[in-house]
Structure formats: C-alpha cells, structure tokens
Amino acid sequence: MSARGLFISFEGIDGSGKSTQARLLAEGLRAEGREVVLTREPGGSPGAEEIRKLVLTGAVDRWSPETEVLLFTAARRDHLERVIAPALARGAVVICDRFADSTRVYQGMGRADLRPLVDALHRLVIGKEPDLTLVIDIAPEAGLARANARGAAEARFESFGLGLQERLRAGFLALAQEAPGRVVVIDGAGSAQAVAAEVARVVAARLA
Ligand code: ADP
Ligand code: TYD
C-alpha cells in the first residue's frame, strides 16, 4: 500500500449486507493496526448528511430523477472533499458503504435512462473511483426480507419493490463486467461471518 491509502467501496442492493460487511472489514483492518475511515453514502460528511435527509425522506416523487442525480452528486463532492480525499492523502484505508456505482445503477437505470447525465457529472465534479469495489450479491427476496426486518425509516427507495431490485442487481453485475479490474462480486448469501471471510481474502490480496 502506498502513502496514498486504499479506497474500498461496498455496493449492492438494499439489505444485501453492505453495512455489516463494511463494519466487519473495518474491524479486521483496525485489528491489524491500520488507520481505517469507515464512512457511507449518501452522507459521510456533515453537509452530505444534510443532503441525505433531503433525498431519502418524503414522497417518492419529491424530486425529479434529474434533481436526484444532482443531489447525490453534490453530497458525494462534499464527502470526497472533506472526508475521503484527506484520509487517503494521509495513507488511511477508506471503506465507503456505497459510492458512485450506486448512482450509476440506481439513477442510471432505476427510474429513467439517466446514465449519460450520471457519467458526465461524475467526470466533471467527482473524477475518482475506488481502488476496489466489492459488490455483495444477493437474491432480491433475501435482501428485501433483511431490509424489512431492519425496519428502516428511510423507506423511500426500499419501497420500490422486487422487480426493481432485480434490475438493480443486474445493474451491479453489469458494472462488474464493465470494470473487472476494480469491481469484485462477492456471494452475499452465506452467514455474515462467511461473507466477511471472503471479503477479507479479496482485500488482503489487494493490500499485499
Ligand atoms: P445493507 O447495508 O446492504 O442494506 P445490512 O448490512 O444493513 O445491509 O444488513 C441488512 C440486515 O440483514 C441487517 O439487519 C443485518 O443484521 C442482516 N444481515 C447482514 N448480513 C447478513 C447475513 N449474511 N445473513 C443474514 N442476515 C444478515
Ligand atoms: P443506504 O443507506 O445504503 O441503504 P441500504 O442500507 O438499504 O442499502 O442507501 C439509501 C438508499 O439510497 C438506497 O436505496 C440506495 C440509494 N442511493 C441512490 O439511489 N443513489 C446513490 O448514489 C446512493 C449513494 C444511494
């Protein structure tokens, strides 16, 4: 690992186990003595957390798809400036629960064909990819059951139903084919510990 640190993102459909895996990986790397910044999107910095509230609460049609892309991207820009870039500059491992791939998949194909807008904005104001992205892959039925069991208040996105979750899953798997050097698909169906062991194996190979 260089003095630039390592930037790892977790992606996948709602309830796939991303947050659980991000936390377990952070614990494992900290136990090895590494500095780890565990963060999430939308959010991760005070300003971006404010935008998170705007974008994840309220009626499903509160924002147009285009406005939504702008809000997620604005939140990401703040998060990158204030948290991610400084942490990488001092050599930390940054573990981010969702990053730009979520916008590519959710906004780029979830509600309208907005991928060109998503990609143009990313190029203009983000321009940064994780070193490694782990897609936690799970059947939508299982993910929805897990997310419902969790009883989240931020239900605006999770209320979209199984059909959309199927398309989102396919979107993440397609991204893995687009960027095979960066994106690794992890089978998320096993126990949290079993999935964590596979995640640790892939990350250790990158750190070596
Ligand atoms: P995400 O961040 O992808 O939405 P979470 O990590 O929050 O997913 O997990 C969603 C729910 O499923 C949580 O209640 C969590 O405790 C549970 N969970 C996470 N991973 C597993 C797993 N491998 N097997 C069973 N339940 C899990
Ligand atoms: P998150 O809190 O990670 O939800 P979960 O733990 O259920 O996976 O993300 C909240 C929602 O925001 C989720 O449904 C995905 C959505 N989202 C987007 O639509 N675009 C984005 O760019 C990001 C980061 C998230």
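H1 passes H8 in a right-handed crossing. A crossing is right-handed if the near helix is turned clockwise from the far one by less than a right angle, and left-handed if anticlockwise. H1 and helix H8 (residues 192-207) pack with their axes 10 Å apart, at an angle of about 55 degrees. Axes here are lines fitted to C-alpha atoms, for helices over the stretch in contact, and angles run from 0 to 180 degrees between N-to-C directions. H1 and H8 are therefore oblique to each other. Angles under 35 degrees count as roughly parallel, over 145 as roughly antiparallel, 65 to 115 as roughly perpendicular, and the rest as oblique. Helices (H or I, at least four residues) and strands (E, at least two) are DSSP runs, numbered from the N terminus.

This is a predicted model: local features need pLDDT of at least 70, side-chain atom pairs count only at pLDDT 80 or more, and totals for chains, interfaces and linings use all residues. Residues are numbered from 1 along each chain as its sequence is written, chains are lettered from A and ligands numbered from 1 in the order in which they are written, and side-chain values use heavy atoms, with hydrogens and water left out.

The axes of helix H2 (residues 46-56) and helix H3 (residues 65-89) come within 8 Å and cross at roughly 160 degrees. That makes H2 roughly antiparallel to H3. Their crossing is left-handed.

Next, the ligand. The residues around ligand 1 include Gly15, Lys18, Ser19, Arg146 and Ala192; a residue counts if one of its heavy atoms lies within 4 Å. H1 (18-31) and helix H6 (140-150) each supply at least two residues of this shell. H1 gives the most, with three residues.

Polar contacts are pairs of N or O atoms within 3.5 Å. A polar side-chain atom of serine 19 lies 2.4 Å from an oxygen atom of ligand 1. For lysine 18, a polar side-chain atom is 2.6 Å from a ligand 1 oxygen. Glycine 15 uses a polar backbone atom, 2.9 Å from an oxygen atom of ligand 1. Taken alone, ligand 1 exposes 560 Å², and the protein buries 72% of that. Such accessible areas come from the Shrake-Rupley method with a 1.4 Å probe.

Two loops remain. Proline 42 sits in the loop between strand E2 (36-40) and H2. The peptide bond to proline 42 from glutamate 41 is cis, with omega near -10 degrees. Arginine 98 is in the loop between strand E3 (93-97) and helix H4 (100-110). Arginine 98 is not a glycine, yet has a positive phi of about 75 degrees.

Note on methods. Polar contact = N/O pair within 3.5 Å; in protein donor to acceptor, adjacent residues only side chain to side chain.
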